[in-house]
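Visitor: I would like to go through this model one feature at a time. Please show it before we start.

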Amino acid sequence: MVRRFTRNRAAVFGLAIVALFVVIAIVAPLISPFDPIKTNWGLVRKAPSAAHWFGTDELGRDVLSRVLYGARASLYAGVVSVVIAFAIGVPIGIISGFAGGVLDVVVMRVVDAFLAIPFLILAIALAAFLGPSLTNAMIAIGVSTAPVFARLARGQTLIIKVEEYIEAARSMGVRPSTILTKYIFANALPPLLVQSTLAIATAIIAEAALAFLGLGQQPPDASWGSMLNSARSSLGLAPWMAIYPGIAIFLTVLGFNLLGDGLHDALDPKA
Amino acid sequence: MIGFLIQRLLVAIPTLLIISVIVFCLQQLLPGDPALVIGGGEATPAMLAEIRERYGFNDPLIVQYWHWITSVMHGDFGVSYRTREEIGPMLAAKIPVTLHLALAAMFISLIIGIPAGILAAIWRGRGWDHVVTITALSGISIPNFWLGIMMILLFAVNLGWLPASGYVSPFVDPWASLKSITMPAIVLGTALAAAMMRHTRSAMLTVMSQDYVRTARAKGQREWIVILKHAFLNAQVPIITLATLQFGTLLAGAVLTEQIFSIPGIGKMVVDAVFNREYQAVQAVTLLSGAAFVLMSLLADVLYFWANPKLRSKTL
Amino acid sequence: MKRIASHIRSVALAALATAAFGAAAHSADLRIALADDPDALDSMTNRAQTGITVLTAMCDRLMWTDSKLTLTPGLAKSWNWSADGLTLTMDLVEGAKFQDGTPFDAEAVKINIERYLGKGSQRADDISTIASVEAPSANKVIIKTKVPSAQLLSKLAERPGIIFSPAAIKSLGENLGRAPVCIGPYKFVERVAQDRIVLAKDTAYYDAGKYSFDKVIFRIIPDDAVRLANLQSGELDLMEKLDPSNAASLASDKKLQILPITVLNNQTLVLNFNFNGPMQNPKIREALEYSIDRQAIVDVAFAGQYQAGNQFAAPDSPFYNSKFPVPARDPAKAKALIAEAGIKGPVPFTILVPNRPLSVRVGEMIQAMGSDAGFAIKLDVVDFATTLKMTDEGKFESWGPIGPQFANDLDTVAFAVLHSTGGRNLTRYKSPEMDKLLEASRTATDPAKRMEIFKEAAALAVKDRPVLYLYHQKPLFVAKAGLKGFHTTGDGFPKLDGLTLN
């Protein structure tokens, strides 16, 4: 499986991008040329130069440093919201699929209903309810993504639960809770991990979208979405304020998508 | 067939009801007292009490829900607190706008996604496949609000070819309408084109390994005839089904696109409504988009069923 | 099947309806971009200022104020006060008709003022000194007040001076704002929510000759950059609320002109005295004042286009108390004051900031300035509707930049914020001395005396610091170079008489 993955050049490329941004996020304080929140009234909206490679923003802050630090907020938001979605969705899906019957029907109707409401509208409404902050944006995205995981986990459970080894375990008197965790969850994990990788990509864009609407990371800290938000009003004056954070979002999301696709192909050679 | 339809409809009804409950509850969670928004910053406590009484904010939630759902059943979505306009007619004016945008985006995604998907399938595993795949993934990975900003910067601010924002109906001025819808449709269609490309590719790959395609090839038919006639015609079904399903996502994607290009559709309506605490407008749009999604899935099921003889015979 | 057909029909109808709104612009049309979607077009309930922009184009008021805040005649062609200052007699213009054809008379004025005083009115407090309204003849209105009222005329030159057709009030009731009918050069045609409001010339208007456009189309474009891009590409003739940062680059654009206007307003940082925190200590408030460089805010956030200030009136206003000039920034003094107050380390403190790009920019600057003057400031950026709720419930430490805008009388910017019963006194500032001054200003019908009282109140506010006055906006309009005759009312709204476009 590992070989199948490494043979996929696109997937390796994706992994490299993701790794690069993870490293950037970790060492941001070491490699940033300036303090990302240090304002400089004399250097407002200066075009890219030798001192400021990506230019400066509306308060004279260094855009490059803000993009580097922004990697922290965006990656953090992507990963944590998917962890939340996973933690809510997967247990619901597995239990519902395993129990079957009325419980399954009811739970799946509710999940369907959640899935029917456009993701972004749900996330915007939730983020507005919780109040604007990075944490709340992550919760909103996580909750809105959870139904996808519930669906997938249930589907996997339905396939796995009719396998012979589950029957065998049952007849041997293994406790249902053990069957759920040891057999079903363990076997459903690979496709769930693929889904998680792709969901991180979506979550990073969603966080940027919420921040763009003012519902994410709060000033003065940088996130790519909030940088785009403040760039919007001076688009003609200082396009670099919008260009670089946008490229950063694009590359990171592309990395996760390539990685997810590669994992998917490696796990499921038929596709 | 009819039995299948009835069965699907029976499943859709409770889903719709649950959506309505979720939508209603969601609104109760929104911060900001609507009475304060209606009354404004200068409202006195007596004025606020009067507003709460008039709009029924003091009733138990279950009563408020009942009032709301019965009015909605009668086509009454309520009145905007802020502008005193009725929400029903407002929606009626906005739906065609969003539909226009969605159709234009769908068109763009089809003319890009399907040929690219077919090519990627033909060249499977070769250099071009990777190029197409990475291009498609790039399409999914570009945040569409950023793409919108960049396009405005380039085509409206710098080159001045296209209007920066706004919407003109095609019934009024087709040329101006085309110009106004081009950028938003590209922005919204890009991500979808990527999705279409991936679905087309995998549908084509499945079909191309089937016996009848091999037979056609063995008969010595020309390759492009084999691909277009035998493979693509058969791969159509999953592609159409997926396109139908994507239509729901399109409506949701319109939210940010409409915001950036100031297009007066339902996406912009819902964002503005969230920020203005227009409970009833948010409820109406969310309910509507949920219902649209359910109906589209129903349609996709029917299409799939109808176009798939094997499935048909099994169920009947 | 029949139902489906009817649905298809209704969708088609809706499409046609949208088609009608989207009509292409005519050369004799004036296309104005607004930054916000107006709320109800009814001056009894409306509170957002964009709504008044539209109503100003549509409706005459009983009186007007010009840019020097002098009262000029409107629907009332003349007026006078009785000797005791308790009776106001107004003579109305003759022969005017509402846009629905209803003749204008004193009875209509009486109905409207009583409506503004009645249940559900946002204007009741504005004109609360009115005791009764009488219509002794068709063209004469007599208003009796409970006490002498220095600000009443200014209010009648503001929202409560707009007179709607009694027939429309009767038929539309609380939904008057959907399709208002008043007396004025342009009548309401159509509104597409979040998109446009279309007005057409009322040829029956008594003063129609002064207005050169057949149609006025307000387009709603909230995004600053997009609004400007539309003006530059020729889709618009006039726009409001230019982001001041763009002013310098536009100055060289020969096709456009920037039209700054001067209007009474101030933007402040509201400090909540009921919030248990450092701001309850006067020394800390003083330290905060010394941490702020107001001129830097004006220069960086507003490209020098606005005016720094420290009182409710701007430094160039006759109402400004020049004994208390704008203090210079002094971080050392701020730190010394904090030490004097006996607080160690950076003083933690939170500002609630409305989620608007320019407001956030100011908030971030105050935050940065505070950090090297002994403060650790946290910003809580929340959408505007939520800040209203939070401040009303007192759940905030400080709020800003925020302040009264579009006023035509100092009473509006001072009384509501500083009087203990004021509707916008979110500081919960209670000073018997201030209350006395502000109450005296309301009955002081002698302008010179009134000015002195306001100056004393300004001095008291400088000393107590219930709010920190930061700057005064000079709203920037931008128009095509060919637009001539642009002017605004005293409360800052474009008035369309004499306006032409080449």
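Visitor: Which residues have the most contacts inside the largest nonpolar core?
Guide: The model is predicted. Its largest nonpolar core has 328 residues. Within this core, the residues with the most contacts are Ala123(A) and Ile124(A).

Visitor: What share of the contacts in chain A with a separation of 6 or more comes from residues 24 or more positions apart?
Guide: Chain A has 271 residues, of which 56% count as buried. Among its contacts with a separation of 6 or more, the share from residues 24 or more positions apart is 71%.

Visitor: Where in chain A is confidence highest?
Guide: The average pLDDT of chain A is 86, and 97% of the residues score at least 70. Confidence is lowest in helix H1 (residues 2-7) of chain A, with a mean of 73. The highest mean, 93, belongs to helix H3 (residues 63-99) of chain A.

Visitor: How many residues does each chain bring to the contact between chain A and chain C?
Guide: On the side of chain A that touches chain C, there are 8 nonpolar, 8 polar and 2 charged residues. The contact takes 18 residues from chain A and, from chain C, 22 residues.

Visitor: Why is strand S8 of chain C described as largely enclosed by the rest of the structure?
Guide: S8(C) covers residues 186-192. Strand S9 (residues 196-201) of chain C runs antiparallel to S8(C), and 6 bridges join the two. S8(C) is largely enclosed because the number of its 7 residues that are buried is 5.

Visitor: Which residue in the turn between S8(C) and S9(C) has a positive phi?
Guide: Val192(C) stands opposite Arg196(C) in S9(C). The two strands form a hairpin with 3 residues between them. In the turn, the residue with a positive phi, about 60 degrees, is Gln194(C).

Visitor: Is Lys241(C) buried or exposed?
Guide: Lys241(C) is found in the loop between strand S11 (238-239) and helix H7 (247-250) of chain C. Its phi is positive, about 55 degrees, although Lys241(C) is not a glycine. Most residues other than glycine have a negative phi. With 20 other C-beta atoms within 10 Å, Lys241(C) is buried.

Visitor: What is the phi of Phe406(C)?
Guide: Phe406(C) sits in the loop between S17 and helix H13 (410-418) of chain C. Because 21 other C-beta atoms lie within 10 Å, Phe406(C) is buried. Although Phe406(C) is not a glycine, its phi is positive, about 55 degrees.

Visitor: Which peptide bond is cis?
Guide: Most peptide bonds are trans. Pro401(C) lies in strand S17 (residues 398-402) of chain C. With omega near -5 degrees, the cis bond is the one from Gly400(C) to Pro401(C).

Definitions and conventions:
Residues are numbered from 1 along each chain as its sequence is written. Chains are lettered from A and ligands numbered from 1 in the order in which they are written. This is a predicted model: local features need pLDDT of at least 70, side-chain atom pairs count only at pLDDT 80 or more; totals for chains, interfaces and linings use all residues. Two residues are in contact if their C-beta atoms, placed from the backbone, lie within 7 Å. Ala, Val, Leu, Ile, Met, Phe, Trp, Tyr, Cys and Pro count as nonpolar, Asp, Glu, Lys and Arg as charged, and the others, Gly among them, as polar. A residue is buried if 20 or more other C-beta atoms lie within 10 Å of its own, exposed if 12 or fewer, and partly exposed in between; C-beta atoms are placed from the backbone. pLDDT is the predictor's confidence in each residue, from 0 to 100. Helices (H or I, at least four residues) and strands (E, at least two) are DSSP runs, numbered from the N terminus. A nonpolar core is a set of buried Ala, Val, Leu, Ile, Met, Phe, Trp, Tyr and Cys residues joined through C-beta atoms within 7 Å. Two strands pair if DSSP finds at least two bridges between them.
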